[in-house]
Amino acid sequence: MAGITSNQLIIRSLYLINEYSPNELPSAEDISEGLFFLNSVLANLSGNGIYIPYVTSINFNTEANKQMYRMGTESTADINSSKLVQPFDAYMIYNLAQIPLEIIPHDRFFQLVRYPTTTTRPTQIFFQNDITGTNIYLWSTPDTAYTIYIRGKFALGSLKLQQDLSIVPDFYHHFLIYALSRTLNHVFGADKWDETRETEYQRALNNIISQNDIDFSINSSAILKKRSVVWTKNELLVGRGY
């Protein structure tokens, strides 16, 4: 499915519930409706701490005396980007040199002895996720403008019509087609969702969850109460939570 677009994913989802035959092209209205529910599926997954990931790099410029930067899709965000699921590396360019930034965990960052009024070149970076995006903290607080580069695994956010999904591994396309078809079956009243389709959807969902680093800080209870999933080692350490 390399090179699939959001429209093609929606069309294949409609074919799966026999709303259209493979030689028919769905109407613009139905594709638009499909996009709405595709974004709803993605939002529901994200709200439960499960993400459809892709790997990319971003960069942004710091401001003097500003320690925290908001990364998200809201209009007030400092950096227009989807949520960062897993950072791989971070660095800055300073005096023509590429200088790595140490990525540090939550507990270590907030246990640092810090002098809020002290500003200098940052050496450490910390990422804090919430339900809609990521807060980026730098230490020390920048004393001037620096360009920060971050490479990592990001969560697929709200999609547009004809959006290229080749950045998402093919492994996830199959799941999204079944997840959207499952929803559209109810929307269109197709009544085509049988046991075979449901079994394949559950298999695909379990595969996605087993590949995911579920973010329990977002919503652990919703995930832990799903009896139909395959539990990973990390999840079992947290507890089933029934």
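This is a predicted model: local features need pLDDT of at least 70, side-chain atom pairs count only at pLDDT 80 or more; totals for chains, interfaces and linings use all residues.
Helices and strands are here runs taken from DSSP and numbered from the N terminus, a helix having at least four residues and a strand at least two.

The largest pocket holds about 530 Å³ of space, and its lining is made up of 24 residues, among which Thr-73, Ser-82, Leu-156, Gly-157 and Ser-158 lie nearest its centre. Helix 2, strand 1 (53–61) and strand 9 (147–155) each supply at least two residues of this lining, and helix 2 gives the most, with five residues. Sorted by class, the lining of the largest pocket consists of eleven nonpolar, twelve polar and one charged residues.

Searching the whole structure brings up two cavities of 30 Å³ or more, and the second largest cavity has a volume of about 40 Å³. Around the second largest cavity stand Leu-42, Leu-45, Ser-46, Ile-50, Tyr-51, Ile-52, Ala-155 and Leu-156, a lining that divides into seven nonpolar residues, one polar residue and no charged ones. Helix 2, which covers residues 28–47, gives the most to the lining of this cavity, with three residues.

The axes of helix 1 (residues 6–16) and helix 4 (residues 170–187) come within 8 Å and cross at roughly 55 degrees, so that the two helices are oblique to each other, and their crossing is right-handed. On the side of helix 1 the contact includes Leu-9, Ile-10 and Arg-12, which belong to a set of residues that meets a set in helix 4 including His-173, Leu-176 and Tyr-178. By class, this contact has nine nonpolar, three polar and one charged residues.

Helix 4 also meets helix 5 (residues 195–211), and the axes of these two helices come within 9 Å and cross at roughly 135 degrees, which makes helix 4 oblique to helix 5. Here the crossing is left-handed, and the contact is made by residues of helix 4 including Phe-171, Tyr-178 and Arg-182, together with residues of helix 5 including Arg-197, Glu-198 and Tyr-201. The contact of helix 4 with helix 5 has nine nonpolar, four polar and five charged residues. Tyr-178 of helix 4 is listed in the contact with helix 1 and also in the contact with helix 5.

How values were computed. Residues are numbered from 1 along each chain as its sequence is written. Side-chain values use heavy atoms; hydrogens and water are left out. On a 1 Å grid over the protein atoms alone, a cavity is a set of points where a 1.4 Å probe fits but cannot get out, and a pocket is an open set with protein on both sides within 12 Å along at least five of seven lines; lining residues have an atom within 4 Å of a point. Grid points are joined across faces, edges and corners, and a volume is the space filled by probe spheres set on the points. Ala, Val, Leu, Ile, Met, Phe, Trp, Tyr, Cys and Pro count as nonpolar, Asp, Glu, Lys and Arg as charged, and the others, Gly among them, as polar. Axes are lines fitted to C-alpha atoms, for helices over the stretch in contact, and angles run from 0 to 180 degrees between N-to-C directions. Angles under 35 degrees count as roughly parallel, over 145 as roughly antiparallel, 65 to 115 as roughly perpendicular and the rest as oblique. A crossing is left-handed if the near helix is turned anticlockwise from the far one by less than a right angle, and right-handed if clockwise. Contact means heavy atoms within 4.5 Å.
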